[in-house]
Amino acid sequence: MTAPEGRGIGNAAGTGDTFRILHVSTGNVCRSPITERLTRHALAGRLGGPSGMLVESAGTWGHEGAPMEAHAETVLADFGADAAGFTGRELLDEHVIRADLVLTATRDHRAQVISMGHSAGLRTFTLKEFTRLVRAIDPATLPDPDGADGVVERARALVRAAAALRGWLLAPNVEADEVYDPYGAPLTFFRSVGDEIHQALDPVLTALTGIPSRPGRPLP
């Protein structure tokens, strides 16, 4: 599903045959690892093999080299996703430069990514904001994922369409685009955050791949 970690390093966003999704939270030990690994798991399940999609995560105050929180690992296990081998990263300029789509946990994270420059504004959204925008996009207007350019070009077109809608489709309230930090909270709260992330990811992954999730099953 994902390319080897080194593939495409040095490519600017929107170039090459790889589409990079970067998930961003604060410490990169709870929300963004959950989102990263759920995305990887779902893409592998829906696409079944290499697709040019590479999924990463980092934190604005990332705990460099730290393991994922134990409760986050449990949440991933609930969905059948793999937490193995994860280590936290601090968000760097190079991560933003390479990313074709940046999905953040909160509006503050989005603002921090955009403030780094690198023309990130048109490809950086909160996860829930992107979900809301994606729901409004007619999938028939996107490239066929089975066509010559495959899922990568479909994903790039989806980001462009979402960016064009942003000023027209506003959040119903200031909390609507936030995924709150479960760090230090009990497992029950981690699980509620995991469910929240799962529900937000599902329409995004359907739009990216053109393949809906299977009814009655968690991601993929």
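Predicted model: local features only at pLDDT ≥ 70, side-chain atom pairs only at ≥ 80, totals over all residues.
User: What makes Arg-110 and Glu-129 a salt bridge?

Analyst: Arg-110 and Glu-129 have their closest N and O atoms 2.9 Å apart. Residues are numbered from 1 along each chain as its sequence is written, and side-chain values use heavy atoms, leaving out hydrogens and water.

User: Where do Arg-110 and Glu-129 lie?

Analyst: Arg-110 is in helix α4 (residues 107-115) and Glu-129 in helix α5 (residues 127-135), 19 residues apart. Helices (H or I, at least four residues) and strands (E, at least two) are DSSP runs, numbered from the N terminus.

User: Why is Glu-129 called buried?

Analyst: Glu-129 has 3% relative accessibility. Buried means under 20% relative accessible area, exposed over 50%, and partly exposed in between (1.4 Å probe, protein chains only), so Glu-129 counts as buried.

User: What ties helix α7 to helix α1?

Analyst: The side chains of Asp-202 and Arg-46 meet in a salt bridge, at 2.9 Å from N to O. Asp-202 lies in helix α7 (residues 187-209) and Arg-46 in helix α1 (residues 31-47), so the pair ties together parts that are 156 residues apart in sequence. Arg-46, at 9% relative accessibility, is buried, while Asp-202, at 22%, is partly exposed.

User: How do you know that Arg-191 and Asp-78 form a salt bridge?

Analyst: Their side chains meet at 2.7 Å, N to O. The pair links Arg-191 in helix α7 with Asp-78 in helix α2 (residues 70-78), 113 residues apart. Arg-191, with a relative accessible area of 34%, is partly exposed, and so is Asp-78 with 40%.

User: How many salt bridges does the structure hold?

Analyst: The structure holds 15. Arg-20, Glu-56, Glu-94 and Arg-98 are linked in a network of them.

User: What makes the phi of Asn-28 worth a look?

Analyst: Most residues other than glycine have a negative phi. Asn-28 is not a glycine, yet its phi is positive, about 60 degrees. Asn-28 sits in the loop between β1 (19-25) and α1 and is buried at 1% relative accessibility.

User: Where is His-118, and is it buried or partly exposed?

Analyst: His-118 is in the loop between α4 and β4 (124-126). With a relative accessible area of 30%, His-118 is partly exposed. Phi of His-118 is also positive, near 60 degrees.

Notes
Salt bridge = Lys/Arg side-chain N within 4 Å of Asp/Glu carboxyl O.
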